[in-house]
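Please examine the structure displayed below together with its sequence. The account that follows begins with the overall arrangement and then turns to individual helices.

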Amino acid sequence: MSRLQLALNVSDLEESIEFYSKFFKTGPAKVRPGYANFAIAEPPLKLVLFENREAPGTINHLGVEVFSTTEVVEATRYLASEGFDTDIEDGTVCCHALQDKVWVDGPDGSRWEVYTVLGDASDTASVAGEEKCCTTGSSRTSETESCC
């Protein structure tokens, strides 16, 4: 089982949390400064919000959340066999969580990830600047892009 992930840039995080909580009839699973995510059961969706006043209303990135590292490895093998350039990140801290993931670029440069959450990361890692969310890799367009 998996669910689609949609990561959006929003201008006002609190206003967006209020809107999406009402729209999907569920509150956020995690809220941090400039960040929130929702684990929505119906429809199966992981909605991620990034406060980004320069690009509100745009898609940050897309993904598929799977529920094991084995599924990430299987996706990586499949994507590579189909000729995609894969960017593998194992044990990375991203979006306040420890994750294994693989990235590919869509035909128009849209970033797609297949990932699993291994555990919650401490807030101290983010505060200390150790969170490396989408800041490496040649296919990324900005050192400040966010992920998951």
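Along its sequence, the protein chain follows the pattern β-α-β-β-β-β-α-β-β-β-α. The secondary structure amounts to 3 helices and 8 strands. The model under discussion is predicted.

Some totals describe the chain as a whole. It has 148 residues, of which 41% count as buried, buried meaning under 20% relative accessible area. Among contacts with a separation of 6 or more, 57% are made by residues 24 or more positions apart. The accessible surface of the protein chain is about 8100 Å², and carbon and sulfur atoms contribute 54% of it.

Helix H1 spans residues 13-24. Its 12 residues reach 16 Å from the first C-alpha to the last, close to the 16 Å expected at 1.5 Å a residue. Which residues of H1 are buried? They are Leu13, Ser16, Ile17, Tyr20, Ser21 and Phe24. These residues lie on the same side of H1 because they cover an arc of only 130° around the axis. The other side of H1 carries the exposed residues Glu14, Glu15, Lys22 and Phe23.

The packing partners of the buried residues of H1 are four strands: S1 (2-10), S2 (30-32), S3 (35-40) and S4 (45-51). Both ends of the helix also have features that can be located in the model. Lys25 follows H1 and has a positive phi, near 60°.

Helix H2, at residues 69-81, can be read in a similar order. H2 contains 13 residues and reaches 18 Å from its first C-alpha to its last, close to the 18 Å expected at 1.5 Å a residue. Val72, Ala75, Thr76 and Leu79 are its buried residues. Their arc around the axis is only 105°, which puts them on the same side of H2. On the other side of H2, the exposed residues are Thr70, Arg77 and Ser81.

What covers the buried residues of H2? The cover includes strand S5 (59-66), strand S6 (87-94), strand S7 (97-105) and strand S8 (111-120). After H2 comes Gly83, whose phi is positive, near 90°.

Terms used. Residues are numbered from 1 along each chain as its sequence is written. This is a predicted model: local features need pLDDT of at least 70, side-chain atom pairs count only at pLDDT 80 or more; totals for chains, interfaces and linings use all residues. Side-chain values use heavy atoms; hydrogens and water are left out. Helices (H or I, at least four residues) and strands (E, at least two) are DSSP runs, numbered from the N terminus. The expected span of a helix is 1.5 Å times one less than its number of residues. Buried means under 20% relative accessible area, exposed over 50%, partly exposed in between (1.4 Å probe, protein chains only). The arc is that of the directions from the helix axis to the C-beta atoms. Contact means heavy atoms within 4.5 Å. Accessible areas come from the Shrake-Rupley method with a 1.4 Å probe; for residues, only the protein chains shown count as cover.
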